[in-house]
Amino acid sequence: IDGRVGAEGFALDIAVMRPREAFDRMLTNGEFDACEMSLASHAQLKASGDDRFVGLPIALSKTMPFPLNGAYITYPEDWKPLWLNQWNLSVQRQVGKDILLTANYIGNNTFHLVTEDQLNAAQFIPGNCGAAACSTLANVQQRRPLYQQNPAIGQYYGIIARGAPDGTGSYNALYMQFQKRMSHGTSVLANYTWAHCISDQWNGQPGNNGVATGTPNNRRADRGNCAPNLVSSDVRHQINLSIVGETPKFQNKTLAMVASGWQFSPIFKIRSGSYFTVTSGSDVALNGQGNQRANLVDPNNMYLPNKSVDGYLNRAAFAIPATGTLGNLSIGNILGPGLFQFDMSVSRTFKVVEKQTIQLRGEAFNLPNHMNPATPVSALNSAVFGKIQSDISGTSGLSAGDQRIIQLALKYVF
């Protein structure tokens, strides 16, 4: 809908989004009953027996039927753009001719982060109603507030997600650097970062499944270490070290031929782990939402004494919340494994004749073939809770893990 179509008795919310996003939300999540799509896509759906969508144009009318348990997303009319304030302080000191020391403080705070809440989450009713429990997964819809107020009208409203620019966040970091320029055959660049990021839970696309927020009507209960998708981007410590070293020019001709002119370039990266969230793994609160968090019952023994991929978390330190309640854990407060990466390059340039050289180069990525484990399985009801079943890249920390890679190159320059 582009705003030019009106409908008697309707107040239409105009959602402007990229076509790829609209198609994905329509076809994958089924968020819309009518949306522009290609004729080929519509024909394929109809041929497969999928009659969820109707072809456009259609005539909107106040007599159009509403689906039962319909899912809706609402946004405030006075939408506010995201604000970001940044500041920094830098101090540098030169030592001798070749060394530069730097210390930086970097900070920012963010306003109007997009957050999400559920306005029609099912209410838990304790006790029994007749021979059965009053609250079950089968009667989630009947326990929603709008249904409780007016069943005849409330039956048409299921999940109602509210996206709003209400969140805030902050980031503070200390960055220290040691730099030695090339002298005496060696250059060094080393830095260390200590940082901390805290925010409300960001959710720029609440969708219609209501899985983002574990605490309806209480946004502050979901504030913690910056944790998009329940895995934190709050990395506290990071060390980077790169060295370039050159072998000297030896006076002995034989030794010079064999050992002079080699360049070695090791690169080290060490990073503390990301924070993640332990969830119950099921709708224990019986409110129709997912990603509900577990209870922490033993904060001093969250991890196993000898952490490994076969056992990282101590199952006894966590518990499934009582039926109808939410857990006491916040978002992104369990520390995952750290990261280590060691890369190395070796090269030498051989002079053939004037203006002609041959360069021999070897590079090794993840030279020790070190595995960087990802965060463990964090759903408490899983049979493999606390075990690590995947690894991550030592280069980016985002994609799948990298095995040792060695490559050789020979270049002739003329």
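A disulfide is taken here as a pair of cysteine sulfur atoms within 2.5 Å, and the structure holds 2 disulfides. The model is predicted: local features need pLDDT of at least 70, side-chain atom pairs count only at pLDDT 80 or more, and totals for chains, interfaces and linings use all residues. Residues are numbered from 1 along each chain as its sequence is written, and side-chain values use heavy atoms, with hydrogens and water left out. A search of the whole structure also finds 8 salt bridges, each being a side-chain nitrogen of Lys or Arg within 4 Å of a carboxyl oxygen of Asp or Glu.

**Conventions for burial and secondary structure**

- Buried means under 20% relative accessible area, exposed means over 50%, and partly exposed lies in between (1.4 Å probe, protein chains only).
- Strands are DSSP runs of E with at least two residues, and helices are runs of H or I with at least four; both are numbered from the N terminus.

**Disulfides**

- Counted along the chain, the bonded cysteines follow the pattern 1-2, 3-4.
- Cys129 and Cys134 are joined with their sulfur atoms 1.9 Å apart, and this link is right-handed, with 105 degrees about the S-S bond.
- Cys129 is partly exposed because its relative accessible area is 49%, whereas Cys134 has 8% and therefore counts as buried.
- The disulfide of Cys197 and Cys226 has an S to S distance of 1.8 Å; its value about the S-S bond is -75 degrees, and the link is left-handed.
- This pair links distant parts of the chain, 29 residues apart, with Cys197 in strand S7 and Cys226 in the loop between S8 and strand S9 (237-246).
- Both Cys197 and Cys226 are buried.

**Salt bridges**

- Side chains of opposite charge can pair when their charged atoms come close.
- Asp200 and Arg223 meet through their side chains in a salt bridge of 3.1 Å, N to O.
- Asp200 lies in the loop between S7 and strand S8 (224-225), and Arg223 is also in the loop between S7 and S8, so the pair ties together parts that are 23 residues apart in sequence.
- Asp200 is buried because its relative accessibility is 1%, whereas Arg223, at 25%, counts as partly exposed.
- A network of salt bridges links Asp200, Arg220 and Arg223.
- In the salt bridge of Asp234 with Arg236, the closest N and O atoms are 2.7 Å apart; Asp234 counts as buried because its relative accessibility is 1%.
- Glu363 and Arg361 form a further salt bridge, with 2.9 Å between the closest N and O atoms.
- Arg361 has a relative accessible area of 28% and is therefore partly exposed.

**Positive phi angles outside glycine**

- His184 has a phi near 55 degrees, a positive value in a residue other than glycine.
- This residue, His184, belongs to the loop between strand S6 (157-183) and strand S7 (186-199), and it counts as exposed because its relative accessibility is 81%.
- Leu286 likewise is a residue other than glycine with a positive phi, near 55 degrees.
- The place of Leu286 is the loop between strand S11 (275-276) and strand S12 (295-296); at 9% relative accessibility, Leu286 counts as buried.

**Strand pairing**

- Two strands pair if DSSP finds at least two bridges between them.
- Strands S13 (residues 303-308) and S14 (residues 311-313) run antiparallel and are joined by 2 bridges.
- Ser308 stands opposite Gly311 in S14, and a hairpin of 2 residues joins S13 to S14.

**Nonpolar surface patch**

- Patches are made of residues with over 30% relative accessible area and no salt bridge; like charges are joined within 9 Å, and nonpolar side chains (Val, Leu, Ile, Met, Phe, Trp, Tyr) within 5 Å.
- Accessible areas come from the Shrake-Rupley method with a 1.4 Å probe, and for residues only the protein chains shown count as cover.
- Trp87, Leu89, Val91 and Tyr105 form a nonpolar patch on the surface, and their accessible area together is about 390 Å².
- The most is given by strand S2 (residues 83-95), which contributes 3 residues to the nonpolar patch.
- In a regular strand the side chains alternate between the two faces of the sheet.
- Tyr105 is placed in strand S3 (residues 99-118), and it is partly exposed because its relative accessible area is 31%.
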